[in-house]
Amino acid sequence: MKSNFFQKLTRGLGKTRHRLVSEIDLLVENKKGLQEEIWEKLEELLITADIGIPLTRSLLEDLRRWAKKNESEPDQLKGELKRSLIEALDGAGGDLVESPNPPTVVLVLGVNGTGKTTTIAKISRLLSTRGKSVILCAADTFRDAAIEQLGEWGKRIGLEVVAQDRGADPAAVAYDALARAKAKRTDYLFIDTAGRLHTKQNLMEELKKVKRVLGKEHPGAPHETLLVLDASIGQNNIVQARTFNEELDITGIVITKFDGTAKGGAVFPLFRELSIPIKYIGVGEETDDLERFYPEDFVEALFEEE
Ligand code: GDP
């Protein structure tokens, strides 16, 4: 039986799949031989699924080479494409690191609205169910709502939240939270941060300061710098990821909102461009709507018949 999460992911990728896989089926139905027309249409389909032009070109080159060598038939094309897509995500998965010297500090970054706070709640809950202790830190001191929201999640999942008033220095809140997590020998400390892009340079400097303070107080911290991205903006995520990575050295990516996007294919160029592991994906608003990213499962879900 397929897991509940896999079913959600399959459903979530429905729109992307519809654009890609159902169309490929139509394309090759009753066709003999891989004619030029099929290749052209396939290129168009891959590009509309947001797989990006450079990767589409290189996938097609490989597929054409394969077709020549194997005298293949159109109905084998899907299987071969699936194999190539899994290969394109080789090394893209990975678990959250765990520092031998607790707490493992996880700094969570991302533009407002991408799902940072929800993702922190989801990962924390997952870790709690594995018996790990977690403290949350509300270092987005720019918005009252952000502090309240993290507080609400903390109550819902039963975790301590370290917060100060709106306008406090985020680095000072992070410092307090770290001291608290050290004193309690907590396994993980998650730090929620601001994500207002209209003051980009100030934001980056503020986040760098948080990083510096953490590193000074606790060697190796932050052990993870996670960037949260929203799947529904497709390839625009590449620009966001590059911007954050240049300034703050991202160690892992979480992609949210896979439920209901037609741009699920953007995962492929994102990994190709940045080579940063994708640690988790989100498929809904509830705490259990999060799972590790496994490239094979992802591609499988993309091709799964519902
Ligand atoms: P933040 O501003 O980055 O902290 O974003 P929030 O965590 O407040 O999330 C913004 C909105 O996205 C909220 O309405 C969340 O419920 C929603 N959200 C977060 N993750 C997902 C997801 O995987 N799927 C869906 N459909 N909504 C999500």
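**Entry 1**

I started with K257: one of its backbone N or O atoms lies 2.9 Å from an oxygen atom of the ligand. I noted at once that this is a predicted model. Next I looked up G113, where a backbone N or O atom is 2.7 Å from an oxygen atom of the ligand. For E285 I had to look at the side chain, which has an N or O atom 2.6 Å from a ligand oxygen. I then checked the cover on the ligand: on its own the ligand has 580 Å² of accessible area, and the protein covers 80% of that.

**Entry 2: the shell around the ligand**

I found 18 residues surrounding the ligand. The closest are G113, T117, T118, D259 and E285. Sorted by class, I have ten polar, six charged and two nonpolar residues in this shell. Which helix gives the most to the shell? I wrote down α6, residues 116-129, which supplies four residues.

**Entry 3: helices α2 and α3**

I turned to α2 (residues 14-28) and α3 (residues 36-48). Their axes are 9 Å apart, and the helices pack at an angle of about 170°.

From α2 I have R19, L20, E23, I24, L27 and V28. On the α3 side their partners are I38, K41, L42, L45, L46 and T48. How many residues of each class does this contact have? I put down eight nonpolar, three charged and one polar.

Notes: Residues numbered from 1 in each chain as written. Predicted model: local features only at pLDDT ≥ 70, side-chain atom pairs only at ≥ 80, totals over all residues. Heavy atoms only, no water. Near = heavy atom within 4 Å. Polar contact = N/O pair within 3.5 Å; in protein donor to acceptor, adjacent residues only side chain to side chain. Areas by Shrake-Rupley, 256 points an atom, 1.4 Å probe, with all protein chains shown as cover. Helix = DSSP H or I, 4+ residues; strand = E, 2+ residues; numbered from the N terminus. Nonpolar A, V, L, I, M, F, W, Y, C, P; charged D, E, K, R; others polar. Axes fitted to C-alpha atoms, helices over the stretch in contact; angles between N-to-C directions. Contact = heavy atoms within 4.5 Å.
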